[in-house]
Amino acid sequence: MVDKELSFSELAKQCLEDSEEWFGDLDVVYSIPYYTLCLAGEVGEFANIVKKIERGKLKFDAKTKYEMAMELTDVFTYMLNIAALLQIDLTKSYQIKRAINEERFTEEKEARNESS
Ligand SMILES: [Mg+2]
């Protein structure tokens with residue numbers, strides 16, 4: 001089932017509610033270290049697919065792209081759970097971080113252009 005488009009905050013709330021319902025063990029559901037390890041594991045699963053493509057062991061076709069989408073979604077899901085626990089609004093955080101990066105990388109680009 002595909003829900004209507006939800007904001008990151010709504011998705012984060014939904015993820016945490018799903019975890020509470022599906023897993024029940026609230027010591028785990030509310031554990032940032034647990035989700036952090038899960039997040040790292042899912043990044044590894046995504047990286048493993050990329051590694052196999054790079055080594056020529058896996059074709060980059062529609063099936064592989066689907067598998068990559070599923071692993072990336074696992075990464076996203078754990079990020080949302082962590083954001084929900086820390087009450088972080090990822091939309092706002094993204095905009096703040098983007099502004100920081102824009103200033104930083106614009107300055108770095110200008111410095112590179114001046115030195116060349
Ligand atoms: Mg996975």
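This is a predicted model: local features need pLDDT of at least 70, side-chain atom pairs count only at pLDDT 80 or more; totals for chains, interfaces and linings use all residues.
Entry 1: Just after H1, I noted Gly-24, which has a positive phi of about 70°.

**Entry 2: its two sides.** I then checked burial along H1. Ala-12, Cys-15 and Ser-19 are buried. Looking down the axis of H1, I see its buried residues within an arc of 60°, so they line one face of the helix. On the face turned away from the buried side of H1, I found the exposed residues Glu-17 and Glu-21.

**Entry 3: the cover.** What lies over the buried residues of H1? I listed helix H2 (26–29) and helix H4 (62–86) as part of the cover.

**Entry 4: the core.** I looked up the largest nonpolar core and found eight residues in it. Ala-12 and Cys-15, already noted as buried in H1, belong to this core. The core also includes Tyr-35, Tyr-78, Leu-80, Ile-82, Ala-83 and Ala-84. H1 and H4 are the elements that give two or more residues to this core. Its largest share comes from H4, with five residues.

Entry 5: Last, I picked Ala-84 and asked which residues it is in contact with, leaving aside neighbours within four places in sequence. I wrote down Ala-12, Lys-13, Cys-15 and Leu-16. Among them, Ala-12 and Cys-15 are core residues, as is Ala-84.

Notes:
Residues are numbered from 1 along each chain as its sequence is written. A residue is buried if 20 or more other C-beta atoms lie within 10 Å of its own, exposed if 12 or fewer, and partly exposed in between; C-beta atoms are placed from the backbone. Helices (H or I, at least four residues) and strands (E, at least two) are DSSP runs, numbered from the N terminus. The arc is that of the directions from the helix axis to the C-beta atoms. Two residues are in contact if their C-beta atoms, placed from the backbone, lie within 7 Å. A nonpolar core is a set of buried Ala, Val, Leu, Ile, Met, Phe, Trp, Tyr and Cys residues joined through C-beta atoms within 7 Å.
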